[in-house]
Amino acid sequence: MYHTAFVPYSSLHVEYMESRTKHDMHVLHYHDTYEIYLQTAGERYIFFNGFRHTLKPGDLYLIQPFQMHYSQSLTSDYYARYVMNVSAKGLQTLLTPTETNLLLAKLVPGLYHLSPEQYEEMERLFRSLHSCHGKEQFLSEKLQYAHVLQILLNVRQYTPHKTSLPLETGTDPVKPEIIHAINYINSHYMEPLTLDMISREVHISKYYLCRLFREATGTTFLEYLNDIRLSKAHQLLLETNLSIGEIAAKTGFSSGLRLSKVFHSSYHMPPSKFRRHPHEQENNSQVQKVADSHSLSKGLPQTE
């Protein structure tokens, strides 16, 4: 079993990291921002949308707000990467709200295999952004967002990599029934799903499903389903004025009381308090990143 954390960003985040030792995050998490990751050296693995993808130099991924993800080293001892987290509100430093919405609507989340020319341009932009990030100079914020805007415009022109079956974990093939189950949960989380329903959908016994699901994802069916629902509830809490009961209905929880109970169990505060003070989670989530939890490296559905 792994822990899930919400990690908010109150401003633009840009980071370069080079690691010569194995580094697994040990926590599945999500942000209230768009995340763009650029692999510059070595090999790393990213888990999102229920599957693990191999990242090699020149690979880039785009993750939308509230999309759960997790990265790990597995057998690789060395990697280097840039990562950027940016919010829609931050983009309005340069763009109008309408321009921001039009740009973000054209961004397709997923993994991108860049051509040598695309990678060279993207690496240059990230390097320039990283060098000016955090500096307090005249118009420095606008300069940073000018780099961010160019990065997003470039990604908008790229085509995400499409994968097909069969998918594999590190050593063993993942059964198509589990791939189907994960995809079905991701698409139908707002419905009153049960283990029996998923078992019938994928045509295997629920006991066999439970065992294969844990082997493939590192967690149980119910834990995975609740994680998906909580991430969607977080988004609605921050972006709408819907009541707790209305949010519960839209995210698959049986009632507002059930949503509050699961939310409090995971994040140690009621959803009503989180809505008023979302960034109180920030420090707690950073601690949770390094909390003791099981690594997902044992086996996740993988794409190359």
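Predicted model: local features only at pLDDT ≥ 70, side-chain atom pairs only at ≥ 80, totals over all residues.
**Entry 1: two histidines in loops**

I began with His268, which is found in the loop between helix H10 (256-267) and helix H11 (271-276). Helices here are DSSP runs of H or I with at least four residues, strands are runs of E with at least two, and both are numbered from the N terminus. Residues are numbered from 1 along each chain as its sequence is written, and side-chain values use heavy atoms, with hydrogens and water left out.

His268 isn't a glycine, yet its phi is positive, at about 60 degrees. Is His268 buried or exposed? His268 is exposed, with a relative accessible area of 55%. (Buried means under 20% relative accessible area, exposed over 50%, and partly exposed in between, using a 1.4 Å probe and protein chains only.)

Then I looked up His203, in the loop between H6 and H7. His203 has a positive phi too, near 65 degrees. His203 is exposed, at 71% relative accessible area.

**Entry 2: H6 and H7**

I stayed with the helices around that loop. Two packed helices are described by the angle between their axes and the distance between the axes. For helix H6 (residues 195-202) and helix H7 (residues 206-217), I noted an angle of about 90 degrees and axes 9 Å apart. (Axes are lines fitted to C-alpha atoms, for helices over the stretch in contact, and angles run from 0 to 180 degrees between N-to-C directions.) H6 and H7 are therefore roughly perpendicular. (Under 35 degrees counts as roughly parallel, over 145 as roughly antiparallel, 65 to 115 as roughly perpendicular, and the rest as oblique.)

Which residues make the contact? H6 brings Leu195, Asp196, Ile198, Ser199 and Val202, while H7 brings Lys206, Leu209 and Cys210. (Contact means heavy atoms within 4.5 Å.)

**Entry 3: H8 and H9**

On the H8 side I listed Arg229, Lys232, Ala233, Leu236 and Leu237; they meet Ile244, Ile247, Lys250 and Thr251 in H9.

**Entry 4: the sheet**

In what order do the five strands of the open sheet come? I wrote down E2-E9-E4-E7-E10, with antiparallel pairing. (Two strands pair if DSSP finds at least two bridges between them.) Strand E2 (13-19) and strand E10 (110-113) stand at the edges with a single partner strand each, so one side of each has no neighbour in the sheet. Neighbouring strands are turned by 15 degrees against each other on average, direction ignored.

I zoomed in on strand E7 (residues 59-63), which pairs with E10 over four bridges in the antiparallel sense. Tyr61 has Leu111 in E10 as its bridge partner. Helix H3 (residues 116-132) packs on this sheet, touching E2, strand E4 (34-42), E7, strand E9 (79-86) and E10. Helix H4 (residues 140-157) lies across E4, E7, E9 and E10, at about 105 degrees to E9.

**Entry 5: Phe48**

Last stop: Phe48, in strand E5 (residues 44-48). Phe48 is buried, with a relative accessible area of 3%. Leaving out residues up to four places away in sequence, I found that Phe48 touches His53, Tyr61, Ile63, Gln67, Met68, His69, Gly110 and Leu111. Phe48 and Met68 are 20 residues apart in sequence and 5.9 Å apart in space, C-alpha to C-alpha.
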